[in-house]
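Subject: Structure handover

Hello,

Here is the structure I promised to pass on. Please have it open while you read; my notes follow below.

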Amino acid sequence: MPTLLAGLARLNRALERLLGAVLLLLLAAFIVFIVYQIVSRNLPMLPRLYWTEEFSRFAFQWMIMLGTAIGVLHADHFVLEAFPRGSRLDRATRLIRDLACLAVGVVFVYYGKDFALSGLRRSATASRLPMIAVYVTFSVCGVLIILFAAQRLLHAALHGQSAMEQALDTPSELDEALADTAETPSDSLSAPEHRAGGKESSR
């Protein structure tokens with residue numbers, strides 16, 4: 001099992017780096033297409049390329065689905081905490097969250113396959129791009145979610161949930177702020193001691 005976790009972690013790290021590069025390219029293409037649409041509406045000398053509107057929507061859809069998968073790996077999606085942090089119920093709900101993400105990934109793969117294949121019979125209006133290039137996003141997202149959720153669950157099973165979250169979760173700004181405030185009183189208490197020691201030595 002540790003070997004399986006190590007291999008899965010390496011695979012997911014490589015996928016995450018690849019997804020980061022793909023997302024940057026998609027974002028750049030999305031911005032370029034949107035800017036061109038705006039400029040071409042105001043400058044008559046530029047041709048109206050209607051396919052840019054379609055491609056900007058397609059790039060946006062891919063960004064959403066790929067970003068969703070990365071969010072599963074690092075628990076970046078919106079979470080409403082109903083129980084005190086660290087309590088047994090809190091840990092149980094976080095485990096249920098990861099299991100639910102794994103179930104969603106399975107659903108995306110199972111039903112997304114037929115949805116993607118239906119795109120073979122359809123094409124975009126302006127660009128004539130086969131719609132499978134867009135419909136397959138659910139299947140791809142599902143596979144990535146399964147891999148990322150499996151790593152979280154396997155890590156928690158082998159090393160505990162707290163160790164898994166410390167290794168994979170994006171640091172919470174609230175937790176960091178609370179940790180800083182917890183350290184501040186000790187610093188403020190130690191400061192007078194140093195000042196008092198300084199005064200005694202000067203005497």
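Which residues are linked in a network of salt bridges? The network is made up of Asp90, Arg94, Arg97, Asp98, Arg152, Glu165 and Asp169. Please keep in mind that this is a predicted model. Across the model, the count of salt bridges comes to eight.

**The salt-bridge network**

Start with Asp90. This residue is found in helix α3. Asp90 has a relative accessible area of 4%, so it is buried. Leaving aside neighbours within four places in sequence, Asp90 is in contact with Phe83, Pro84 and Arg85.

Asp90 also meets Arg94, side chain to side chain, in a salt bridge of 2.1 Å, N to O. Both partners are buried. Why are they separated by about one helical turn? Because Arg94 and Asp90 are four residues apart in helix α3, which covers residues 88–118.

Move on to Arg97. Its side chain forms a salt bridge with that of Asp98, at 3.4 Å, N to O. Arg97 counts as partly exposed, because its relative accessibility is 21%.

Arg97 has another partner. The side chains of Arg97 and Glu165 meet in a salt bridge at 4.0 Å, N to O. Arg97 lies in helix α3 and Glu165 in helix α6 (residues 161–168), so the pair ties together parts that are 68 residues apart in sequence. Glu165 has a relative accessible area of 14%, so it is buried.

**Where α5 meets α6**

Glu165 turns up again here. It is one of the α6 residues that meet α5.

How do the two helices pack? Two packed helices are described by the angle between their axes and the distance between the axes. For α5 and α6, the angle is about 135 degrees and the axes are 7 Å apart. That angle makes α5 oblique to α6. The crossing of α5 past α6 is right-handed.

**The nonpolar cores**

Which members of the largest nonpolar core touch the most other members? They are Leu19, Leu66, Leu144 and Phe148, out of 17 residues in this core. The elements giving two or more residues to the core are α1 (2–42), α2 (51–74) and α5 (137–159). The most comes from α2, with eight residues.

Take a look at Leu19 in your viewer. Not counting residues up to four places away in sequence, Leu19 touches Leu66, Ile70, Leu144 and Phe148.

There is also a second, separate core. This one has five residues, including Phe58, Ala124, Met131 and Val134.

**Where to look**

Begin at Asp90 and Arg94, which are both buried. Finish at Leu19 and its contacts, among them Leu144 and Phe148.

Best wishes

How values were computed
Residues numbered from 1 in each chain as written. Predicted model: local features only at pLDDT ≥ 70, side-chain atom pairs only at ≥ 80, totals over all residues. Heavy atoms only, no water. Core = buried A, V, L, I, M, F, W, Y, C linked by side-chain atoms within 4.5 Å. Buried < 20%, exposed > 50% of the residue type's maximum accessible area, 1.4 Å probe, protein only. Contact = heavy atoms within 4.5 Å. Axes fitted to C-alpha atoms, helices over the stretch in contact; angles between N-to-C directions. Parallel < 35°, antiparallel > 145°, perpendicular 65-115°, else oblique. Left-handed = near helix turned anticlockwise from the far one by under 90°.
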